[in-house]
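Me: Hi! Could you take a look at this model with me? I have a few quick questions.

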Amino acid sequence: MDQKVNYKLLKNSPDFENPKPELEQYATPVDIVLEIVKKANSRGHLAGKVADLGCGTGRLAIGAAIQGADVTGFELDRKALNTAIQYSKKNNLDIKWVCGAVENIDEDFDTVIMNPPFGAQRPGADRIFLKKALGISEQIWTIHMSETRNFIEKFVDSNAGKIESRYEFDFAIPRSMPFHTEDTANQKAILYHIASLQ
């Protein structure tokens, strides 16, 4: 598959139809997905088994699959997962999809890529994802709000993880929830590359 086809596949990947505020369902912007998979791939982190935790409609998993990764997407919301399944089938993307809570994952992976809940609606939701990622994989690529940096870094340190690198960027959140007041809100976010020492 050439680069143009790959980019189109990712660009056309589905967003949430009716995002659920309690699950903090925001699709990762395409340009950010491209950056994550490019950075992870350049370090060889998409060569083994890859998991996308809280995959939503599957955009990160799709980005990894386009790079040739053996990827599994885990998602609690059956409707969002069905959207991911339909899109991947239609475009012949070989991705395994699992409906269930991340707490129940008992399989090991080489790498986790994820855009977990930020913990704004469900305090501590980001912790659940980080803890699971550190327990099941060697390499983690994860997005968090810049304002939580101190908490994230302490949490990673106390759970046998090591932050290898961080990249700051703007995360555009379009108006998609009833409580949103702006058409697009730009949040400062950080992409972390974390190595698990467990």
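Me: Which residues gather in the patch of negative charge on the surface?

Reply: Asp70, Asp94, Asp106, Asp108, Asp110 and Glu138 do. Patch members have over 30% relative accessible area and no salt bridge, with like charges joined within 9 Å. A salt bridge puts a side-chain nitrogen of Lys or Arg within 4 Å of a carboxyl oxygen of Asp or Glu, and accessible areas are Shrake-Rupley values with a 1.4 Å probe.

Me: Before we go on, what are the ground rules?

Reply: This is a predicted model, where local features need pLDDT of at least 70 and side-chain atom pairs pLDDT 80 or more, while totals for chains, interfaces and linings use all residues. Residues are numbered from 1 along each chain, and side-chain values use heavy atoms, without hydrogens and water.

Me: Does Asp106 count as buried or exposed?

Reply: Exposed, because its relative accessibility is 74% (exposed is over 50%, buried under 20%, partly exposed in between). Asp106 sits in the loop between strand S3 (95-99) and S4; strands are DSSP E runs of at least two residues, helices H or I runs of at least four.

Me: And how many residues of S4 are buried?

Reply: Five of the six in S4 (residues 109-114).

Me: Which strands does S4 pair with?

Reply: S1 (residues 49-53) runs parallel to S4, with three bridges, and S5 (residues 137-145) is also parallel to S4, with five bridges. Pairing takes at least two DSSP bridges. Ile113 partners Asp52 and also Trp141 in S5.

Me: Switching topic, where is Gly48?

Reply: In the loop between helix H2 (30-42) and S1. Gly48 is 63 residues from Thr111 in sequence, but their C-alphas are 7.4 Å apart.

Conventions. Buried < 20%, exposed > 50% of the residue type's maximum accessible area, 1.4 Å probe, protein only. Patch = residues over 30% accessible without salt bridge, like charges linked within 9 Å, V, L, I, M, F, W, Y side chains within 5 Å. Lys, Arg positive; Asp, Glu negative; His and termini not counted. Charge placed at Lys NZ, Arg CZ, Asp CG, Glu CD.
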